[in-house]
Amino acid sequence: MIRVNELYKRFDDQAVLSGIELEVRDGEIVVILGASGSGKSVLLRHLIGLMKPDRGRIEINGTNIVELREDDLLEVRKNIGFLFQEGALYDFMSVYDNVAFPLREHTDLDEASIGKKVRETLALVGLQEADDKMPAQLSGGMKKRAALARAIVLNSKILFCDEPTSGLDPLRSRDISDLIASIARTMHCTTVIASHDIHNSLRIADRLGVIKEGKLAMVGRAQDIRNSTDPFIKEFFSE
Amino acid sequence: MKALRQIFQEIRDFVYGAGNAVFFLGEVLKFILRGRIRWSDVFGQMYEQGVQSLFIIALTSFASGAVLALQGAVMLNRFGAKEYVAQLVALSLVRELSPVFSSFIFSGKAGARMTAELGTMNVNDQIVATRTMGVDPIQFLIVPRMLACFLVLPILIVFSELVGMWGGFCVGVYDAGIPAAFYYNQTLDAIGYVDFFSGFIKTVFFGLIIGWICCYQGYVTRGGSLGVGKYTTKAVAFSYILVVISNTVLTKIILTFWK
């Protein structure tokens, strides 16, 4: 369970988050939508403790991570998968080593078991043939798949995805959205996705939230959003 | 008024940056003192940094030694003291030239690479990604690079001194006509324990300075590919400045207490 209360963040004169309230239930997929620069990625970075809010609480499974020191946050993050917009794969490691990295860091598995787990996870994201490739040799979609494999290889129960479809063509966007949804449902992951891809978000999300002026203007199911009479929501979804 | 405000802003940024750099060094030392060192990564980095700089250091050191011998032979010949060329070459290289010049070259080659590498990782979110995976990027990425720099530079400088002396030997023997055995013995006689270690101690400091500056600049790089270029240039420039300044201070200290 993830619970966000009264979250505020300013950068110099600009208020980016102005009292975000959000609750994500276990196993739920919530997509945060909003225009570019609306604070979606900033919210996600707060959820994993990469940024400290000016005010507010963020509870991850009952722990208020806002109060934690960096050493304790590192422990919390071991149980969270984070998919970056551009993948953020280590470019000096092969795909195999990138996916093996969290296992080598946080488990006592021997190399044979790590290899088995890496190959299973790569097969899950459809990259079983690319394990010896370097990130520079991958297409945009393949990079996101490899990064997704790295994010879930520890069987994390929480998954955060920052703009997973940005820079992809419509077909690849659909594929990666379906893949994230399928993995989240299979592994029963509590998933928060920051996105501006309305079409795919409406398809895969259990609930959607729309950020407007630093606040969640509305959080609800796809049907509720479609039926909303709020002028901003109507305009946003008519785009 | 605007210019004054800008100067004030520059000073504030510099003080803020310097404070952050010191804090960063403290973080690195904390990991090292706690023994949280990835030795396989350190050796990997030592190999990369060492091999990368070896050829260019050999080339410049040989040339420096040779030029010193060429100039020394001309000057000393005027006083009828050509046989002291070996001493001149050996002492100049061991006490000053090799530590300083090789540090410059190392900073421009391995140091710049470190900054560019870390900077690119930074702008591509790889450093942040390390944190999201529950791993401290300082321990994983910075400690091995800084430690490797600290360990490999003294080795490279001893190598540079040997190659430089060989350059001087070639000129002294084949150009100035000094007998090889005489030149060799003069070189050995010239370098005392004090001479060698006064240069060597400096290299330890230079290794620390270059590793610190270059890793820090890479770690704080912002602004995409333009930022990587800007911070890399800054890292090399700061390394040069700090090497030159610390060399002056260290030389004075060494000469005061240990002549």
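A polar contact is taken here as a pair of N or O atoms within 3.5 Å, in which, within protein, one atom must be able to donate a hydrogen and the other to accept it. In this predicted model, 8 residue pairs, both at pLDDT 80 or more, are in polar contact between chain B and chain A. Helix H4 (126-132) and helix H5 (137-174) of chain B each supply at least two residues of the side of chain B that touches chain A, and the largest share of that side, 6 residues, comes from H4(B). By class, the side comprises 7 nonpolar, 5 polar and 4 charged residues.

In total, 16 residues of chain B are in contact with 21 residues of chain A. The area buried between the two chains is about 1,700 Å², with carbon and sulfur atoms giving 59%. On the chain B side, Arg131(B), Thr132(B) and Met133(B) lose the most area to chain A, together 37% of what that side buries. The chains are also joined by 3 salt bridges; Asp125(B) and Arg45(A) meet through their side chains in a salt bridge (3.3 Å, N to O).

The largest pocket holds about 1,800 Å³ of space. Of its 46 lining residues, Asn20(B), Tyr216(B), Tyr219(B), Val220(B) and Arg222(B) are the closest to its centre. H1(B) provides the largest share of this lining, 14 residues.

The second largest pocket has a volume of about 440 Å³. Among the 22 residues lining this pocket, Phe92(A), Met93(A), Asp41(B), Gln45(B) and Phe140(B) are the closest to its centre. H2(B) gives the most to the lining, with 6 residues, and the lining as a whole has 8 nonpolar, 4 polar and 10 charged residues.

How values were computed:
Residues numbered from 1 in each chain as written. Chains lettered and ligands numbered in written order. Predicted model: local features only at pLDDT ≥ 70, side-chain atom pairs only at ≥ 80, totals over all residues. Heavy atoms only, no water. Contact = heavy atoms within 4.5 Å. Buried area = accessible area lost by both parts, 1.4 Å probe. Salt bridge = Lys/Arg side-chain N within 4 Å of Asp/Glu carboxyl O. Polar contact = N/O pair within 3.5 Å; in protein donor to acceptor, adjacent residues only side chain to side chain. Helix = DSSP H or I, 4+ residues; strand = E, 2+ residues; numbered from the N terminus. Nonpolar A, V, L, I, M, F, W, Y, C, P; charged D, E, K, R; others polar. 1 Å grid on protein atoms, 1.4 Å probe; cavity = no way out; pocket = protein on both sides within 12 Å on 5 of 7 lines; lining within 4 Å. Points joined across faces, edges and corners; volume = space filled by probe spheres on them.
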